[in-house]
There are 2 protein chains.
Amino acid sequence: MSTQSVVTAIRVLEAVSDNQPAGLSELSREVDVPKATVLRMLRTLAELGWVAQSEAQAGKWVLTNHAFAVASRGSSGSVIRDAAMGPLNALQLDTTETVHLAVPDRGYMLIIERLDTQHVLRAFLPLGSRLPMHASSTGMAYLSAADEVFVNEYLAGPLEALTPQTVVDPAVLRAMIVDTRARGYSINEQGLSTGITSIGVPLLGPGGVAAGSISISGPSSRIVPAKYQEYGEAAAGTALEISRALGAFSTKGY
Amino acid sequence: MSTQSVVTAIRVLEAVSDNQPAGLSELSREVDVPKATVLRMLRTLAELGWVAQSEAQAGKWVLTNHAFAVASRGSSGSVIRDAAMGPLNALQLDTTETVHLAVPDRGYMLIIERLDTQHVLRAFLPLGSRLPMHASSTGMAYLSAADEVFVNEYLAGPLEALTPQTVVDPAVLRAMIVDTRARGYSINEQGLSTGITSIGVPLLGPGGVAAGSISISGPSSRIVPAKYQEYGEAAAGTALEISRALGAFSTKGY
DNA sequence: CTTCGTCGGTTCACTGGATGAACCATTGGT
DNA sequence: ACCAATGGTTCATCCAGTGAACCGACGAAG
């Protein structure tokens, strides 16, 4: 509506982010705004240190680290991170498996922290990875704590299969969410990546609303069904601790 | 100069980032722009999903995770990350200590990846942390590979001491940079955090320009002088591999 | 070698979107 | 009851943002 130049600028910024080394005409097409305007936006954003011309390829634009710095410093995730790091550390040491901390972003789960296993066989989810909710244990855990409206909306949308094992049937997913609620933790067997299994538990923020989730992941050869309960309960205990720190159960309410 | 509304919007965004749950008047003062304008910016940014009103405290504004997602997805760091993860993984397994990947941002080093040690005694630098260059091994390593102009500029600025051991004398720092160049790695003994020692090596990008750095860190009780050389050389080897992957030495030139 | 299509980047007259002083309603401290 | 903050609204003024048309350069195709 208002401040359309700002809207354009941000859309340009996001377009740059999506198309990494992006050319002017390319961006102009993407955002559907005249080149002159796009260029002005890029110049302005460059002055502010958010984008820069790629040194490798003249004329191509890239995001700078500054954008990342600003976003990560202030992200609402940082509150969660502060509350979570201690307990997560303990959980990682207990289970010896990789532990993730994720927060929701528009239907995806965003990995904002990771504590690694000491095992040689280990998988990586780079910081900033976006995982579809239905294909990850963190996502399903989050959905199990999210309000019905959000869940319905999400399940109504297109659900991509990342592996042959990814569950994309809304009815089945709904049943899995119910199971997750009853059990206290979600289980994802190779739905995100072949050979990887993970266990997720939701985190609650102030007022008891879903704020994110944590997970324990590892190769399916190590994270076997016999361990699900042990890991699930360990993660649930950790999540409870974090949620409490976030003020999920404080009488102060919201 | 131009597109001042965009400038204002971004400045508001950064102000929100810096003051976490920030109030309207507070931001107005910070950015030195009338409340009405700030509010319009906030509303626009909210429409775009970059900021939101805190649920906990009405009227307070916070960054959303979406900002983080956009920035981290497109960050120029992602190119480095892709090139670095493999070699870093090997380095972590070799040394068994915590390994960091950092990129520069306006005089700070930004931690964009971390691979954890398996030791119980371990320190955390949350992902997204900003470390002053002169107080970190990653920073000094970066400076050792950066061009003179940048180094002079940085050393001319205010240099904060984070611990009693932090070196803040420009002349001493300059000597340390020379040493780092000769040695191939930087050493930081408790200059960032008491009890933590770390070894850093710069990464070079296309054209041989400094692009970031990696480090090995751990408690000073484990990272003792006797190990400096071993770790330093291991890190240097890893850095060389990453720099090569980044095209630092490709004949293709800049 | 010429032509064509694309690229990144520039120019400039027009106008509608952005601006900010002054305003209101609430809240909390004394 | 008062005062000084807060978050949020209004609206006349005007200048910043817009975008069609332009340029020179490059690469592929004829």
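User: Which residues come nearest to DNA strand C?
Analyst: Of the 21 residues around DNA strand C, the nearest are A:T3, A:Q4, A:S25, A:R29 and A:R43. Here a residue is near the strand if one of its heavy atoms lies within 4 Å of it. This is a predicted model, where local features need pLDDT of at least 70, side-chain atom pairs count only at pLDDT 80 or more, and totals for chains, interfaces and linings use all residues. Residues are numbered from 1 along each chain as its sequence is written, chains are lettered from A and ligands numbered from 1 in written order, and side-chain values use heavy atoms, leaving out hydrogens and water.

User: What share of the DNA strand C atoms within 4 Å of the protein belongs to sugar or phosphate?
Analyst: 69%, and the rest belong to bases.

User: How far is A:S25 from a phosphate oxygen there?
Analyst: A polar side-chain atom of A:S25 is 2.5 Å from a phosphate oxygen of DNA strand C.

User: New topic: how do chains A and B superpose?
Analyst: A rotation of 179 degrees with 0.0 Å of shift along its axis puts chain A on chain B, RMSD 0.2 Å.

User: What does A:L88 touch?
Analyst: Leaving aside residues up to four places away in sequence, A:L88 touches A:V99, A:L101, A:L115, A:I214, A:T238 and A:I242.

Note on methods
Contact means heavy atoms within 4.5 Å. Copies are superposed by least squares on the C-alpha atoms of residues with pLDDT of at least 70 in both. A polar contact is a pair of N or O atoms within 3.5 Å; within protein, one must be able to donate a hydrogen and the other to accept it, and residues adjacent in sequence count only if both atoms are side-chain atoms.
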